[in-house]
Amino acid sequence: TLDSGGEHVWYTAPSGTIDTDITFVERLRITSGGTAIFKAGLAEKFNNTGTTMSSGTHAIQSGNIIRFTGNESGANALNITGIHSTLANGEALSFTVICTPNNSGYISGFNIDGVAPATAIKWSGGTAPSAGSASGQDVYTFTVLKIGTATNAYEVYGAMTNYA
């Protein structure tokens, strides 16, 4: 429904309710300024994209968590697709990459829809990872800020943590 304040509000009713004495429950509200407010649990799909990072492009529409199941080796640059046409100047996106580093595999950078960002990834701690962890999974988190309209007009912030 659209309320008088220009907000869109979505309601649900308890399942099996068919009488006229229904109590609807608000589940989602989008304000006139574009803020989405979820009133219930939120589940996010993840992209079980392939065995290794070198397995091609990775569409962000398939999930903001990208999981690789194989053992990585060496420096890898991801190609994340679906960002440039989706984000407007001044908008941001965050996503997570999970991989098994196998003692050598790591993310050295990535492209946005086939184009390298204008500046290198700004890594937490000031230094990019140079080799994957000996065991467990490496979990990378990235925040991408669109700072203009050019295909390379992005600032990217990254961090990596190992989970044994």
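Mentor: Two strands pair if DSSP finds at least two bridges between them; strands are DSSP runs of E of at least two residues, numbered from the N terminus. The model is predicted, so local features need pLDDT of at least 70 and side-chain atom pairs 80 or more, while totals for chains, interfaces and linings use all residues. Residues are numbered from 1 along each chain as its sequence is written, and side-chain values use heavy atoms, without hydrogens and water.

Trainee: What makes S5 and S7 a pair?

Mentor: Three bridges join S5 to S7 (residues 75-81), and the definition asks for at least two, so the strands pair. They run parallel. Ala 59 stands opposite Thr 81 in S7.

Trainee: How do you know that S7 and S9 pair?

Mentor: Six bridges link them in the parallel sense, against a requirement of at least two, so they pair. Leu 78 has Phe 110 in S9 as its bridge partner.

Trainee: Why are S5 and S9 called edge strands?

Mentor: The open sheet has three strands in the order S5-S7-S9. Strand S5 (57-59) and strand S9 (106-112) each pair on one side only.

Trainee: Why is Glu 7 called buried?

Mentor: Buried means under 20% relative accessible area, exposed over 50%, partly exposed in between (1.4 Å probe, protein chains only). Glu 7 has 18%, so Glu 7 is buried. This residue lies in the segment before strand S1 (8-12).

Trainee: What makes S9 mostly covered?

Mentor: Five of the seven residues of S9 are buried.

Notes. Helices (H or I, at least four residues) and strands (E, at least two) are DSSP runs, numbered from the N terminus.
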